[in-house]
Amino acid sequence: MPEIMANTNHGKHPILIRTGAIAQLGEVAARTVRTHKAFIVTDSIVEGLYLQTAKDALAKADFEVASYTIPSGESSKCEKYLFEIYQALHDFGMTRSDLVIALGGGVVGDLTGFAAATYMRGCHLMQVPTTLLAQVDSAIGGKTGIDMPFGKNLVGAFYQPNAVVIDPGLLKSLSRSRMAEGMAEVIKYGCIRDAMLFEAIEKGQADMEWMLERCVRIKTTVVQNDEYDTGERMLLNFGHTYGHAIEKVSGYTKYTHGEAVAIGMLKACEIGQKLGVTPDGTKERIQAVLEKWHLPTTTDLPMEELYQTMLSDKKKLNGKVYFVVLKEIGDAKTCPLSEQELKDLL
Ligand SMILES: NC(=O)c1ccc[n+]([C@@H]2O[C@H](COP(=O)([O-])OP(=O)(O)OC[C@H]3O[C@@H](n4cnc5c(N)ncnc54)[C@H](O)[C@@H]3O)[C@@H](O)[C@H]2O)c1
Ligand SMILES: [Zn+2]
């Protein structure tokens with residue numbers, strides 16, 4: 001089974017990618033942590049699909065297991081459920097040497113990761129992502145956190161797991177639109193770092209396990225070089241500066257994150273072309289792939305509002321907006337743009 005070793009400032013941890021890996025959770029847990037006590041956090045949809053399998057796998061390796069289920073959806077990534085998880089961990093007698101497992105999409109992963117980072121100042125953590133977006137993105141890299149009334153992801157911690165277990169078989173139950181949402185990130189990885197991955201998707205020849213491995217390798221490498229998100233990690237923001245603005249302006253309801261990123265990647269190509277960095281024809285190739293996945297390619301949101309939102313983006317540094325553009329498919333760079341330059345380019 002492909003096993004990638006992530007090297008971080010806090011040591012190494014394995015990332016396993018294999019269809020059926022969920023049945024081996026117990027073995028993986030037993031070889032990465034010393035305890036025999038595990039606590040699973042999941043959500044109300046994943047609970048009915050995979051919780052029992054996960055529990056059985058852990059029990060088979062002699063783990064004492066308990067679980068807590070949050071309601072499915074972004075609104076659960078908040079202080080209320082964080083505190084309920086702390087209470088449940090306490091009630092189960094969890095100590096810092098015991099294992100917390102996040103079984104779910106990015107919401108469960110971020111919330112549970114933050115709970116594990118802070119409960120008793122940090123206990124063991126295993127990420128078991130169940131959406132494509134979580135498998136290629138949120139479960140890798142150690143960012144955890146919750147949403148606050150004043151904004152998304154504004155309280156959190158960098159906290160690396162002891163292991164990540166990725167089972168592509170779990171994606172079978174995902175809706176087409178959720179798959180497409182994750183595919184927007186997969187396409188992004190191809191665009192910024194991996195022309196071969198992009199071409200395989202373009203030809204419809206990408207095997208899921210192979211694709212996951214390519215994406216996870218890219219994210220772990222980029223994060224390894226920039227664990228605290230101050231430089232290279234910015235490249236992962238391709239399509240996200242404009243995408244985040246779309247999400248914000250439309251009130252996080254009209255577009256999913258992946259849909260907004262899809263539109264953002266094409267806008268970044270237009271800007272790159274105007275700057276003379278992105279070759280002609282690049283946008284059209286990406287657009288064709290996005291359309292295959294029924295992802296949107298334009299928005300009718302007012303440009304002035306999108307522009308103002310981009311200016312207030314937290315990734316703005318020294319008065320400049322750092323826009324990621326493609327030098328070609330498979331290679332990207334950041335372009336610092338002044339407010340006026342950005343306005344003219346839009
Ligand atoms: N930490 C990071 O680096 C990082 C990166 C990107 C996104 N995120 C965060 O991730 C979150 C979004 O993640 P998401 O898209 O996975 O959302 P999600 O966790 O809400 O999952 C999406 C939906 O799919 C359901 N689901 C999960 N697995 C399923 C399966 N196997 N079959 C059927 N249904 C399933 C969930 O119940 C939910 O309804 C956001 O909160 C975002 O901020 C974090
Ligand atoms: Zn994203």
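This report describes the sheet, the helix packing and the ligand surroundings of one predicted model.

## Basis of the description

Residues are numbered from 1 along each chain as its sequence is written, while chains are lettered from A and ligands numbered from 1 in the order in which they are written. Because the model is predicted, local features need pLDDT of at least 70 and side-chain atom pairs count only at pLDDT 80 or more, whereas totals for chains, interfaces and linings use all residues.

Helices (H or I, at least four residues) and strands (E, at least two) are DSSP runs, numbered from the N terminus.

An open sheet of mixed pairing is formed by 7 strands in the order 1-2-9-6-5-3-4; two strands pair if DSSP finds at least two bridges between them. Strand 1 (3-8) and strand 4 (64-70) are at the edges and have a single partner strand each, so one side of each is left without a neighbour in the sheet. From one strand to the next, the twist averages 20°. Angles such as those given below run from 0 to 180 degrees between N-to-C directions, and axes are lines fitted to C-alpha atoms, for helices over the stretch in contact.

Strand 5 (residues 99-104) and strand 6 (residues 124-129) run parallel and are joined by 6 bridges. L103 has V128 in strand 6 as its bridge partner. Helix 2 packs on the sheet, where it touches strand 3 (37-43), strand 4, strand 5 and strand 6, and its direction makes about 165° with that of strand 3. Helix 8 (residues 208-225) also packs on the sheet and touches strand 1, strand 2 (11-17) and strand 9 (163-166); the direction of helix 8 makes about 15° with that of strand 1. Contact here means that the C-beta atoms of two residues, placed from the backbone, lie within 7 Å.

## Packing of helix pairs

Two packed helices are described by the angle between their axes and the distance between the axes. Helix 1 (residues 25-32) packs with helix 2 (residues 44-60) at an angle of about 50°, and their axes are 7 Å apart. That makes helix 1 oblique to helix 2; angles under 35 degrees count as roughly parallel, over 145 as roughly antiparallel, 65 to 115 as roughly perpendicular and the rest as oblique. In this pair, L25, G26 and A29 of helix 1 meet A54, A57, L58 and K60 of helix 2. By class, this contact has 5 nonpolar, 1 polar and 1 charged residues. Ala, Val, Leu, Ile, Met, Phe, Trp, Tyr, Cys and Pro count as nonpolar, Asp, Glu, Lys and Arg as charged, and the others, Gly among them, as polar.

Helix 6 (residues 176-193) and helix 7 (residues 195-202) pack at about 135°, with axes 6 Å apart. These two helices are therefore oblique to each other. Their contact is made by V186, I187, Y189, G190 and C191 of helix 6 with L197, F198 and I201 of helix 7, and has 7 nonpolar, 1 polar and no charged residues.

## Surroundings of ligand 1

Ligand 1 is surrounded by 27 residues, of which the closest are I45, S72, G105, G106 and S138; a residue is near a molecule if its C-beta atom, placed from the backbone, lies within 6 Å of it. Helix 2, helix 4 (106-118) and helix 5 (132-138) each supply at least two residues of this shell. By class, the shell has 9 nonpolar, 11 polar and 7 charged residues.
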